[in-house]
Each structure stands twice: as C-alpha cells, then as structure tokens.
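Please keep the sequence and the structure in view while reading.

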Amino acid sequence: MSKYSDAELYANYQDILDLVKRKDLTMADEIYKIPVSEYADRGIWEREVKLVRRTPMMLGFSCDLPEPGSYWAMTRVGVPLLLTRLKTGEVRLFINACRHRGVKVANEGQGKQPRFTCLYHAWTYGLDGSLLALPENRIFGDVDKCDYGLIELAVEERAGIIWGVLTPGVALDLDDFLGEELDAMLRKEGFERFHSVELVELPAANWKITYEGNGESYHFASLHAKSFASFTYPNILHNTKLGKHSLNMTPVVGIEKCDPSSRADLERFVQRSYMLFPGTVCSFASDTAFGERDSKSEVVSRIFMNHVLPGDSPETSITISRTLVSAPFVGTPIEEETRIWARSSHETVRLEDYPVVQSAQDTVHSGGQDYFTFGRNEIALHHFHDALHEALKDEALDA
Ligand code: FES
Ligand SMILES: [Fe+2]
C-alpha cells in the first residue's frame, strides 16, 4: 500500500497533533553544513540556472488557460515563454520569440486570441506555433514556413497543473521527476478545482538563500512573532522526503483542541506544503487560519505557492507568489478575504523575510565565515541541498 493512502495521511495528522503536545518535530540525525562559497560562486550559479531550465517547472494551473485560445506570455529564468491552449484543449509551450528577428510575438500577460502577429514585420503564428503567414513572402526570399514555427518546449498538463521544461530538446518525464507517490498525492489534491486570486513577483537575494526561508518554521517565533506565528506553531513540523522533493506538514494554532478521531477536524488544522525541487513550495492552507467557521461549513481550500527562481545574477532572485482558492468560493466574499490575506502575507514576506535574506546575502562575499549551518530541525533544507548537489553533477550541465 502506498505510504500516502488516506489512512496514512490521517495517521500523519494524528502524529502532528502528537508533535504539538510534545512540542516536537521531525529531525535529522545531525546538523548540516554548506560552504558559503556555494552562494557566491558564479560558476556554481550558472550551473544552477542551467539545471533550473532543464528541470520540470510548475508553470501554472489549468485555470490559467481557461478555454481554447487562452494564452499566457511570461518570462522565467530569463526565458521568454508562451503557453497556449489549442482548440482541441491541449496545452503548448513555446519560446516567445519571433523566428524572423526575435521580437516577442505576444506581450507579457494573459489573454485570449486565435493567433499572434509580431509587431515588427507582422509574421503571424497560430496557437500551435506554426508560421501562418509572412508579408511579402515573394520578395522576402525562400522561406519554407514549416521550418519557421515557434521553437517548441516540452509541456504537460496533469491533474490541473501545467508543467514545462525551459530548454529546447529536453524531454519532460513527470513520472520520473515526481515519482509514483508524490504524483498520486498531487492528483489527490485536486488542482483542477482551484482558481487564481493573486499573482505577484517579489525580487529578493540569491535564490537559495531566499528559498530556504520556505522550508523551516524555526524562524517563525523570532522573525514572525507578530505575524505568521500567531496562527502557525513555530518549529513543529512533520517532514517526509519524497525523492528530490519533500512534504512538510505544519500545525495551525488550535489543533490541540481537535478531536483526534475526527479526520475532517484535523485536516483543517494542518497545512501541507510540498517542496517541489528545486525552488517551488506549494502550500494548502487550513481554513482555520482565517478565523473560526462553523465546523459543518464546507472547507475552504487555498493554495499559497512561492516559486523562487534565480534572477539575473547570483545575488538576485524572483519569487513568483501565487494564491488560489477552491472553485465553490470564487466570486464569494471568501475570494476577497483570501486576496486581502494574500496581500498582507506578501507584505509580511517583503518587510520581515526579505530584509533578513538580503542581510545574509550581504555577508556572503565577506569571506568572514566558511559555512552556513542547518540545524537538525531544518531537515527539509538538508533534503533540498542534498538533492541539489546530486542534480548539479549531471554531465548535461557541462555543455
Ligand atoms: S521580428 Fe517578427 S516579424 Fe520581424
Ligand atoms: Fe518567513
């Protein structure tokens, strides 16, 4: 039986209740050290960028391309991308660059249109990336339109999530990337029923320093004493390693009053955060984080996702921060409440997390210390760095 059968998940919720009562958490056997040079070395950073561009990336959700003709043009890790949904319902992913002389064929953003006409000389492409027409074809010269479609990238829509790979010619093997267990877990989360509420891009320091704040709640009691720690217990965390990835489960304040025999009750007091390699954390937040509701009311599910990507130097990153709400609550006051909560949470990250992250970044080049140390309680970050070290050995990154 899969470890994450429903019965196992419920057992884990009960474990978390137990951890709260014992003020305990999943711990590594030993502390873990990372050379500070790994955050400063340009060669390592360039290899990381290549890795990120070759690794399946959670680019969006089914709701981002709601109907045939929907598109989303975005830039990720310096790569201009164009996601489209065809008339058949299939999703396609391209480099958003005209094959004539490189101008983006779609302006950044989301919308719906049947074709894309480049502003510069009006070469026109279909939703499937094919070059449909170029003006003055006769005098332009000998161009076989079949050779001039948009450059295609591997993409797959699976269980409400749109995954893509940012390097042309690199295949997308989700079965291998996720593994059977995580794949089954993500399918059960029902991403298809979520709708986007908020998307912001937050600039910060080095992507690893920035991402690390998403993998431990050790800092909640000090840095977030008046914010996140008011509804999430600091430093109590249930961690499960899933290949390159992790699942962190954290208890919401009030769980200790739950009836351990009521799975539904427990579920509302546990936040599940999937740490998807390398830099994505996708959290399912408990309804109770937003105040008490009638326990018989429908559970409001919300996704908070932070997608931390390398910026244009080892010292910078961009966090794509997204908030989604489950379908029955779209257009209700709960959607607006979720938006307000998301905005205040972004402010907390901007005002509390990112200054300390920048402060750590400022010391990286000082040469004052050789390594950073991760405690036994920061186990998810041990997994992250282990997986990253392993992935960076890939000879494909030598090219
Ligand atoms: S660059 Fe697009 S048509 Fe010339
Ligand atoms: Fe934080």
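How many bridges join strand 4 to strand 5, and in which sense do the two strands run? In this predicted model, five bridges join strand 4 (residues 79–85) to strand 5 (residues 91–95), and the two run antiparallel. Thr84 stands opposite Arg92 of strand 5. The two strands form a hairpin with five residues between them, and Gly89 in the turn has a positive phi of about 95°.

Strand 5 also pairs with strand 10, again in the antiparallel sense but over two bridges, with Leu93 standing opposite Leu153 of strand 10. Both pairings belong to an open sheet of five strands, whose order is 6-3-4-5-10 with antiparallel pairing. Strand 6 (109–112) and strand 10 (152–153) are the edge strands, each pairing on one side only.

In a regular strand, side chains alternate between the two faces of the sheet. Because five of its five residues are buried, strand 5 is largely enclosed by the rest of the structure.

Strand 2 (residues 57–61) is likewise largely enclosed by the rest of the structure, because four of its five residues are buried. Its antiparallel partner is strand 12 (residues 161–164), to which four bridges join it, and Gly60 stands opposite Ile162 of strand 12. When neighbours within four places in sequence are left aside, the contacts of Ile162 include Leu59, Gly60, Phe61, Leu83, Val91 and Val155, together with Ser62, Asp64 and Glu157.

| Strands paired | Sense | Bridges |
|---|---|---|
| Strand 4 and strand 5 | antiparallel | five |
| Strand 2 and strand 12 | antiparallel | four |
| Strand 5 and strand 10 | antiparallel | two |

Ile162 is also, with Leu82 and Leu83, one of the residues with the most contacts inside the largest nonpolar core, which has 84 residues. Strand 18 gives the most to this core, with five residues. Domain 1 (6–53 + 175–398) and domain 2 (57–158) both give residues to the core, so the core lies between them. A second, separate core of eight residues includes Tyr39, Ala204, Ile209 and Val364.

Turning to the two domains of the assignment, their centres, taken over C-alpha atoms, are separated by 32 Å. Where they meet, 15 residues of domain 1 are in contact with nine residues of domain 2. Helix 2 (42–54), strand 13 (194–204) and strand 18 (302–310) each supply at least two residues of the side of domain 1 that touches domain 2. That side of domain 1 divides into eight nonpolar, four polar and three charged residues.

For the chain taken as a whole, there are nine helices and 20 strands, and the C-alpha trace spans about 80 × 55 × 40 Å along its principal axes. The radius of gyration is 22 Å, which agrees with the value near 21 Å that a compact globule of 399 residues would have. Buried residues make up 39% of the 399 residues. Of the contacts between residues at least 6 apart in sequence, 62% join residues at least 24 apart.

Conventions: Residues are numbered from 1 along each chain as its sequence is written. Chains are lettered from A and ligands numbered from 1 in the order in which they are written. This is a predicted model: local features need pLDDT of at least 70, side-chain atom pairs count only at pLDDT 80 or more; totals for chains, interfaces and linings use all residues. Domain bounds come from an automatic or database domain assignment. Two residues are in contact if their C-beta atoms, placed from the backbone, lie within 7 Å. Ala, Val, Leu, Ile, Met, Phe, Trp, Tyr, Cys and Pro count as nonpolar, Asp, Glu, Lys and Arg as charged, and the others, Gly among them, as polar. Two strands pair if DSSP finds at least two bridges between them. The radius of gyration is taken over C-alpha atoms; the globule rule is 2.2 Å times the number of residues to the power 0.38. A residue is buried if 20 or more other C-beta atoms lie within 10 Å of its own, exposed if 12 or fewer, and partly exposed in between; C-beta atoms are placed from the backbone. A nonpolar core is a set of buried Ala, Val, Leu, Ile, Met, Phe, Trp, Tyr and Cys residues joined through C-beta atoms within 7 Å.
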